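User: I'd like to go through this model and ask what stands behind each label. Could you walk me through it?

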Amino acid sequence: MRRALLAALAALAACGGEDQPDCVLPPGGEPAIDPSGTFCRTLSEYRLFEDLAAQRPAAGVIPYDVNTPLFSDYADKTRFIFVPPGATIGWRDDDALALPEGTVLVKTFAYAHDRRDPALGRRLLETRLLVRGPDKWTGAAYVYDDTGDAHLAAAGATLDATWIHDDGAQLANAYGVPNKNQCKNCHAEHDKVLDTLGWKARHLNRPGPEGSGIANQLQDLVDRGVLAGAPPADMWPRAPDAMDPSTGTLDARARAWIDINCANCHNERGPARTSGLFLELAATDQTALGICKPPVAAGNGSGGRKYAIVPGRPDESIMLFRIESTKSEIKMPELGRNLVYAEGAALIRAWIAAMPGTCD
Ligand code: HEC
Ligand code: HEC
């Protein structure tokens, strides 16, 4: 009796209250969404995976990867897209591709137990969904529990995790699952409606994830009849892989890294618009990019440094100070990480060190 009561209470806490409606999906075995925008209480209800623990997708759910990912405290990510049968994606050169109603974008975060040996398995942390309803995107995070399923976590979560890092050291992190309001900090302009960030041609123009057998993701979508209106393949834009020197110059790789890790907030419509630091790939204004740009507010966040970027001098550049910080009022990005991304910091350090010119 007491046990049943405790279980009921735990269930209540997990799903945010019995009074919250659960989703109503169309019948059938295929993945689908609730057009009213209500999120299911558990991830399995969406029928996106044949095997959730193994992240083996259901038929019609396509795995994909991006050239340069967002850094999320060394979590590994697996990504999928589901487009309803018969619907098509519309081409756009630079902006997000036009994804049809009923699309589900899926991103699972996991920690490998030992980053040196993937065969040792991994711990699933959370799966985020972006769902394209009749008029807008909505987003939610699902946190894996010991039932083997993942439950809706509208309020976010903190997951204590440890793993063996690339260098053999044991690392620990209080991994943060964002709450539902935090999605829009990165995924929305003017704090309004959500949009996809990765579904741009330049991020997707690459082979599919290992084992997918997809030689080029965009070509694969064209071949499946899912992507319409694409120009000839030699005109497709391609962002470099920031960590792979064979894919671009130092400048191109640094800009690609900044594009995905910083520019979603640092643009004229984003939450960092008041900073005057505009870091989109298309931005060419040297001051807006941070070169010899004094901070809007001096103080802690600038670490006593004078400019966002001082050419040739990474250790005098506020940008690197903030990338290398773990303090909540200093670190950049301000959301989505606790740890320093050593490889990303090294890239920006090399980029600034190689810049010609001076500020004073
Ligand atoms: C710190 C910024 C940030 C926050 C906060 C954030 N995202 Fe994202 N998200 C990104 C970036 C950048 C990408 C694309 C790069 C990648 O996939 O690594 C992305 C990709 C995704 C994708 C894959 C499809 C796509 O648009 O590329 C999904 C799904 C997603 N996010 C859902 C969410 C949800 C739901 C939330 C809130 C619970 C959230 N995200 C919070 C930055 C963020
Ligand atoms: C989730 C949104 C978000 C992301 C992503 C983000 N920033 Fe910021 N950034 C802000 C906000 C908001 C401010 C203004 C408040 C402040 O200075 O803390 C800011 C301010 C800054 C400033 C001070 C600007 C000035 O001149 O006053 C620097 C430098 C900076 N960010 C660098 C970066 C870098 C580099 C990245 C990527 C590694 C990044 N930011 C990613 C939101 C973001």
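User: Are Y74 and Y341 buried or exposed?

Analyst: This is a predicted model, and in it both Y74 and Y341 are buried. The label means that each has under 20% relative accessible area.

User: What makes the pair of Y74 and Y341 edge-to-face?

Analyst: Their ring centres are 5.8 Å apart, and the cut-off for a pair is 6.5 Å.

User: Why is the pair of Y111 and Y175 called edge-to-face?

Analyst: Here the centres are 6.0 Å apart, within the 6.5 Å limit, and the 85° between the planes is over 60, so this pair is edge-to-face. Y111 belongs to strand β6 and Y175 to strand β11.

User: Which residue is the donor to the iron atom of ligand 1?

Analyst: H187, through NE2, is the single donor from the protein. Its distance is 2.0 Å, and donors count within 2.8 Å, so H187 qualifies. H187 sits in helix α2.

User: What makes the approach of T196 to ligand 1 a polar contact?

Analyst: A polar side-chain atom of T196 is 2.8 Å from an oxygen atom of ligand 1, and the limit is 3.5 Å, so it counts. For K107 the value is 3.2 Å, again within 3.5 Å.

Conventions
Residues are numbered from 1 along each chain as its sequence is written. Chains are lettered from A and ligands numbered from 1 in the order in which they are written. This is a predicted model: local features need pLDDT of at least 70, side-chain atom pairs count only at pLDDT 80 or more; totals for chains, interfaces and linings use all residues. Side-chain values use heavy atoms; hydrogens and water are left out. A polar contact is a pair of N or O atoms within 3.5 Å; within protein, one must be able to donate a hydrogen and the other to accept it, and residues adjacent in sequence count only if both atoms are side-chain atoms. Donors are N, O and S atoms within 2.8 Å of the metal (3.2 Å for Na, K and Ca); water is not among the atoms, so sites may look incomplete. Helices (H or I, at least four residues) and strands (E, at least two) are DSSP runs, numbered from the N terminus. Rings of Phe, Tyr and Trp (its six-membered ring) pair if their centres lie within 6.5 Å; planes under 30 degrees apart count as stacked, over 60 as edge-to-face and the rest as tilted. Buried means under 20% relative accessible area, exposed over 50%, partly exposed in between (1.4 Å probe, protein chains only).
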